[in-house]
Amino acid sequence: MSSTSAESKPFEQWHEVMAPYSLGYRIKLLSQVFNRKFQERLEPLGLTPFHWVVLCCLWEEDGLATCSIGEKLQQVGGTITGVLDRMEERGLIRRERDLRDRRIWRIWLTEAGKQLQEVLPPIALEIREQAMKGIPMAEREHFSQLVDQAIANLS
């Protein structure tokens, strides 16, 4: 057996888990491409994809505690605090101390933050549709379920 075929055998054995062929790498790449496209559309509005996910949390339930937003987004405190600082400076949110526990800050949408609910979801939908072009709805739903299951398996 030649040394070339012996050397390539381990590579072939692990090929599907090595970058750039691995599922994890390709999912990361998909996420980066999504984020880049979304960032291009958000930049003229002075927003980032992270602003988007915080706004989504607050559109779903306004007045969340800072720690609740961090938990929902699986982010560490320092990261979320800086994002909230910038969102407050832009007039998208306001912070208020919790009336029952002064250690807790609650985050509330301002009128400007609420108005973005009419603007941003159509942009996100457009990018998703671009990414999913040619993929039947049933396969999209199945893909989403598979991703959710993989996340649950690793959480």
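Modeller: At 31% relative accessibility, Glu129 counts as partly exposed, where buried means under 20% relative accessible area, exposed over 50% and partly exposed in between (1.4 Å probe, protein chains only). This is a predicted model, in which local features need pLDDT of at least 70, side-chain atom pairs count only at pLDDT 80 or more, and totals for chains, interfaces and linings use all residues. Residues are numbered from 1 along each chain as its sequence is written, and side-chain values use heavy atoms, with hydrogens and water left out.

Colleague: Which residue meets Glu129 in a salt bridge?

Modeller: A salt bridge is a side-chain nitrogen of Lys or Arg within 4 Å of a carboxyl oxygen of Asp or Glu. For Glu129 the N to O distance is 3.0 Å, and the partner is Arg140.

Colleague: Which helices does that pair tie together?

Modeller: Helices (H or I, at least four residues) and strands (E, at least two) are DSSP runs, numbered from the N terminus. Glu129 and Arg140 are 11 residues apart in sequence, so the pair ties together helix 6 (residues 111-131) and helix 7 (residues 137-154).

Colleague: Is Arg140 buried or exposed?

Modeller: The limit for buried is under 20%. Arg140 has a relative accessible area of 14%, so Arg140 is buried.

Colleague: Which residues are linked with Arg95 in a network of salt bridges?

Modeller: Arg95 in strand 2 (residues 93-97) pairs with Asp85 in helix 5 (residues 77-89), at 2.8 Å from N to O. The network that holds Arg95 also includes Asp85 and Glu88.
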